[in-house]
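Q: I have this model open and would like to talk it through. Could we settle a term before we start?

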Amino acid sequence: MIRLPARPFGLLLALSFCTGRLHAAERMTPGQWEFTVTTRGESRTSKACLSAEQAAIADGDDVTGRQAAERSVRKAKSSCVVGDFSARGDTVSYTLTCGDRTIRSVATHHGDHSEGILTTKTATEETSTRLVSRRLGACPK
C-alpha cells in the first residue's frame with residue numbers, strides 16, 4: 001500500500017504511467033525506466049519496469065488515462081481524488097486533491113524520456129517538484 005507522505009512520491013510515480021493519448025504515436029515505451037524527482041534541491045531517484053500493458057494505457061486516450069489514474073488512487077487506498085485530466089499531443093496534465101493539498105502535474109512525454117512539473121499547494125505553502133524520467137532499456141529478467 002502506498003501512503004501519502006509530505007511528498008506523495010509513490011502515488012505520483014504510479015500516476016506517471018497513467019497518461020492518455022489522443023493519437024497513435026508512443027508516449028512511453030515498455031522497459032526499465034528511471035524517475036528522478038527534485039524538490040527544494042533534494043533529488044530522489046527510483047526505477048520501475050513499464051510493461052507492454054502499462055505502455056498501452058500510456059498510449060491510450062483521455063478516458064483510458066483518467067480511469068487508470070483513478071484505479072491507481074483506489075489501489076493506493078488513498079483519500080486523493082483525480083480532478084481535471086487532459087492529454088493533448090505529448091502533454092498530459094491532471095489535478096490530484098489529497099485532503100488540504102492540491103497537486104497540479106504537467107508532463108511532456110517523448111517515447112523514451114519525459115519531463116514535468118508538479119505544483120503542490122496547501123493553505124500555507126506552494127512547492128514545485130521537477131520529475132524527469134528516461135528509459136534505460138529492457139526490464140531486468
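A: Contact here means heavy atoms within 4.5 Å of each other. This is a predicted model, in which local features need pLDDT of at least 70 and side-chain atom pairs count only at pLDDT 80 or more, while totals for chains, interfaces and linings use all residues. Residues are numbered from 1 along each chain as its sequence is written, and side-chain values use heavy atoms, with hydrogens and water left out.

Q: OK, what does Thr95 touch, leaving aside its neighbours within four places in sequence?
A: With those neighbours set aside, Thr95 is in contact with Val81, Val82, Gly83, Asp84, Thr102, Ile103 and Arg104. Thr95 itself sits in strand S4, where strands (E, at least two residues) and helices (H or I, at least four) are DSSP runs numbered from the N terminus.

Q: Is Thr95 buried or exposed?
A: Thr95 is buried, because its relative accessible area is 15% and buried means under 20%, with exposed over 50% and partly exposed in between (1.4 Å probe, protein chains only).

Q: Stepping back, how many helices and strands does the protein chain have?
A: The protein chain has three helices and seven strands, and from the N terminus on its elements run α-β-β-α-α-β-β-β-β-β. Of its 141 residues, 44% count as buried. Among contacts with a separation of 6 or more, 51% are between residues 24 or more positions apart.

Q: How many bridges join S1 and S2?
A: Strand S1 (residues 31-39) and S2 pair in the antiparallel sense over nine bridges, and Glu34 has Lys47 in S2 as its bridge partner. S1 and S2 form a hairpin with two residues between them, and Arg40 in the turn has a positive phi of about 50 degrees.

Q: Where else is there a residue other than glycine with a positive phi?
A: Lys77 has a phi near 50 degrees and is found in the loop between H3 and S3. Lys77 is exposed, with a relative accessible area of 66%, and Arg40 is likewise exposed, at 56%. For background, most residues other than glycine have a negative phi.

Q: How do S5 and S6 pair?
A: Strand S5 (residues 101-109) and strand S6 (residues 113-121) pair in the antiparallel sense over eight bridges, with Val106 opposite Ile117 in S6.

Q: New topic: how many aromatic pairs does the structure hold?
A: The structure holds two. One is formed by Trp33 and Phe35, which are stacked at 6.4 Å centre to centre with 25 degrees between the planes. Rings of Phe, Tyr and Trp (its six-membered ring) pair if their centres lie within 6.5 Å, and planes under 30 degrees apart count as stacked, over 60 as edge-to-face and the rest as tilted. Trp33 is buried at 0% relative accessibility, and Phe35 is buried at 1%.

Q: Why does the pair of Phe85 and Tyr94 count as stacked?
A: The ring centres of Phe85 and Tyr94 are 6.3 Å apart and their planes are at 15 degrees, so the pair is stacked. Phe85 is buried at 13% relative accessibility, and Tyr94 is buried at 7%.

Q: Last one: what is His113 in contact with, leaving aside its neighbours within four places in sequence?
A: Beyond those neighbours, His113 is in contact with Trp33, Thr108, Ser133 and Arg134. His113 lies in strand S6 and is partly exposed, with a relative accessible area of 35%. His113 and Arg27 are 86 residues apart in sequence and 8.9 Å apart in space, C-alpha to C-alpha.

Definitions and conventions
Pairing = 2+ DSSP bridges.
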